[in-house]
Amino acid sequence: MGFRLFRRNGFLLVLAGFLLLLLSACGSKASPNAATQQTGASEEIVIKASNFAFDQQEYRVKQGVPVKISFENVEGTHGVIIQDLNIQLDSRNTSQVVTPEQKGEYEINCSVFCGSGHHSMTAKLIVE
Ligand SMILES: [Cu+2]
């Protein structure tokens, strides 16, 4: 019994060590930006949605700087999709950290078909 338990724990320890090695190996290759993403971003923007608009027409973030993008449903049920940056947020998944690498304007759309005003729910994320 005890021996089997030890073997199992020993195996888990080896596995954990291996995973740690793998993680640190990846970490050293990745850019500092990617490392920051794991510990959180210092910048944050909040996108608030109501019927049928986002609270701002434009949200500005900085190129190469990790930013936490948070989403808040103020009224109704909406979501956020920024297709070109692979961002999708809704009331269950309310924030995501990204590091925008390219300057430009990215279209923000509502990801939930929320009613008659759905198609007018657009805004821009400007990376500068
Ligand atoms: Cu909507």
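Is glutamate 43 buried, partly exposed or exposed, and what is its relative accessible area? In this predicted model, glutamate 43 is partly exposed, with a relative accessible area of 33%. The residue belongs to strand β1 and stands opposite valine 67 in β4. Glutamate 43 also forms a salt bridge with lysine 62, in which the closest N and O atoms are 3.7 Å apart.

The protein chain contains two helices and nine strands, and along the sequence the pattern is α-α-β-β-β-β-β-β-β-β-β. Four of the strands form an open sheet of mixed pairing, in the order β2-β1-β4-β7. Its edges are β2 (53–54) and β7 (95–98), each of which pairs on one side only. Strands β1 (residues 43–50) and β4 (residues 67–73) are paired in the parallel sense over seven bridges. Of the 128 residues of the protein chain, 25% count as buried. Among contacts between residues at least 6 apart in sequence, 64% join residues at least 24 apart.

The copper ion is coordinated by His78 (ND1), Cys110 (SG), Cys114 (SG) and Met121 (SD), at 2.1 to 2.7 Å. In sequence, these donor residues follow the spacing H-x31-C-x3-C-x6-M. Histidine 78, in the loop between β4 and β5 (80–82), and cysteine 110, in the loop between β8 (104–109) and β9 (122–127), are 32 residues apart, and this pair links distant parts of the chain. Histidine 78 counts as buried at 1% relative accessibility, as does cysteine 110 at 6%.

The count of salt bridges comes to four. One of them joins arginine 60 to glutamate 128, with the closest N and O atoms 2.9 Å apart. Because arginine 60 lies in strand β3 and glutamate 128 in the segment after β9, the pair ties together parts that are 68 residues apart in sequence. Arginine 60 counts as partly exposed at 47% relative accessibility, and glutamate 128 as partly exposed at 44%. A further salt bridge connects lysine 124 with glutamate 105, the closest N and O atoms being 3.4 Å apart. Lysine 124 is in strand β9 and glutamate 105 in strand β8, 19 residues apart. Lysine 124 is partly exposed at 37% relative accessibility, whereas glutamate 105 is exposed, with a relative accessible area of 52%. Salt bridges that share partners join Glu58, Arg60 and Glu128 into one network.

Methods
Residues numbered from 1 in each chain as written. Predicted model: local features only at pLDDT ≥ 70, side-chain atom pairs only at ≥ 80, totals over all residues. Heavy atoms only, no water. Pairing = 2+ DSSP bridges. Donors = N, O, S within 2.8 Å, 3.2 Å for Na, K, Ca; no water. Buried < 20%, exposed > 50% of the residue type's maximum accessible area, 1.4 Å probe, protein only. Contact = heavy atoms within 4.5 Å. Salt bridge = Lys/Arg side-chain N within 4 Å of Asp/Glu carboxyl O.
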